[in-house]
Amino acid sequence: MQIEQLIQTIAIAAIPILFAITLHEAAHGYVARHFGDMTAYQQGRISLNPIRHIDPVGTILLPILTLTMGGILFGWAKPVPVNFAALRRPKQDMLWVALAGPLANLFMALLWAMMAKLALMLPTNYFASPLLEMAQIGIKINIILMVLNLLPLPPLDGGRVAVSLLPHRQATILERVEPYGIFILIALAISPVLGWILGPPVVGLILLINSIIGL
C-alpha cells in the first residue's frame with residue numbers, strides 16, 4: 001500500500017474505529033452501573049471521550065498494522081473495569097454486562113449501513129465517496145469486533161456470557177482459562193485460524209445487514 005493511500009485510509013478509518021471501540025467499552029460500563037456496579041462510573045469510564053478508552057497498542061498500532069498488511073481489521077480498547085461481585089446478581093447480571101459491548105457494535109454497524117445508503121442516494125455530493133468508504137469500514141470493524149468478542153474465551157465477552165450461562169462447575173473451569181485467554185487469542189491472531197473462525201459469520205452478518213438496509 002502506497003504511503004499516500006495508507007494515510008488516506010487511516011484518516012477515513014479513524015472515526016469508525018474510535019467510535020466502535022469507545023462505544024463498546026462505554027456500553028459495558030453503563031450496563032454495569034445499571035445492575036449495581038459503580039466502578040466504571042467512579043473512574044470516569046462511562047464516557048464517549050475516546051481518549052479515556054484508547055490503548056496505544058490495541059487502538060492505534062494494531063489497527064494501523066492490519067490496515068497496512070491487508071488482514072482482518074483488528075484491535076481493542078482499554079477494558080472498562082467491572083467488579084462483577086458488586087452486581088446485584090453477579091452470575092446472571094454478568095450476561096447483560098458482557099452482551100452490552102457486542103450489541104453496541106451491532107447497533108453501530110446498522111447506523112453505518114444507513115450512512116452508506118445515504119451516500120449512495122447522493123452520488124453527486126462531494127462528501128458521498130468518503131462517507132461511503134467510511135461507512136463500509138464502520139460496518140466491517142463493528143461486525144468484526146462483535147463476532148470476535150462473542151468467542152467463548154475469557155476474558156472476551158463471549159467467555160463472560162458462557163460463564164454466566166454454564167452450571168457452576170463448568171463455569172469455574174472456564175474461568176480458570178482467563179489468565180491465558182489473551183495469549184490464546186494472540187496465537188490465533190498470528191495464525192490463519194482466527195480468520196477461519198471469524199470469516200464466515202462476519203461475511204454472513206455483513207451480507208444480512210446490507211440486505212436489510214438495501215445496499
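This is a guided tour of a predicted model, stop by stop, with what to select and what is found there.

Before starting, note that numbering begins at 1 along each chain as its sequence is written, and that side-chain values use heavy atoms, with hydrogens and water left out. As the model is predicted, local features need pLDDT of at least 70 and side-chain atom pairs count only at pLDDT 80 or more, while totals for chains, interfaces and linings use all residues.

**The whole chain**

Colour by secondary structure to begin: the protein has 9 helices and 0 strands, where helices (H or I, at least four residues) and strands (E, at least two) are DSSP runs numbered from the N terminus. Of the 215 residues, 41% are buried, with buried meaning under 20% relative accessible area, exposed over 50%, and partly exposed in between (1.4 Å probe, protein chains only). The accessible surface comes to about 11,700 Å², and carbon and sulfur atoms account for 71% of that area, as computed by the Shrake-Rupley method with a 1.4 Å probe, for which only the protein chains shown count as cover for residues. Among contacts (heavy atoms within 4.5 Å) between residues at least 6 apart in sequence, 70% join residues at least 24 apart.

**The cores**

Select Ile 143 and Leu 198 next, the residues with the most contacts inside the largest nonpolar core, which has 30 residues; such a core is a set of buried Ala, Val, Leu, Ile, Met, Phe, Trp, Tyr and Cys residues joined through side-chain atoms within 4.5 Å. Helix 1, helix 4 (90–121), helix 5 and helix 9 each give two or more residues to this core, and the largest share, 11 residues, comes from helix 5. A second, separate core of 15 residues can then be located through Leu 87, Ala 104, Ala 162 and Val 163, which are among its members.

**Charged side chains**

Turn now to the salt bridges, each a side-chain nitrogen of Lys or Arg within 4 Å of a carboxyl oxygen of Asp or Glu; the count by this rule is 2. Arg 89 and Asp 93 form one of them, at 3.4 Å from N to O, and here Arg 89 is partly exposed at 45% relative accessible area, whereas Asp 93 is buried at 1%. Arg 160 and Glu 178 meet at 3.0 Å, again N to O, and this pair links distant parts of the chain, with Arg 160 in helix 6 and Glu 178 in helix 8, 18 residues apart. Glu 178 is partly exposed, at 27% relative accessibility.

Beyond residues up to four places away in sequence, Glu 25 touches His 53, Ala 77, Lys 78, Pro 79 and Val 80.

**A loop and a surface patch**

Move to the loop between helix 5 (128–149) and helix 6 (157–165), where Pro 155 is placed; the peptide bond from Pro 154 to Pro 155 is cis, with omega near 10°.

Finish at Ile 190, in the loop between helix 8 (178–189) and helix 9 (193–213), which counts as exposed at 73% relative accessibility. Together with Tyr 180, Ile 182, Phe 183, Ile 184 and Ile 186, Ile 190 makes a nonpolar surface patch of about 640 Å². Patches are made of residues with over 30% relative accessible area and no salt bridge, like charges being joined within 9 Å and nonpolar side chains (Val, Leu, Ile, Met, Phe, Trp, Tyr) within 5 Å.
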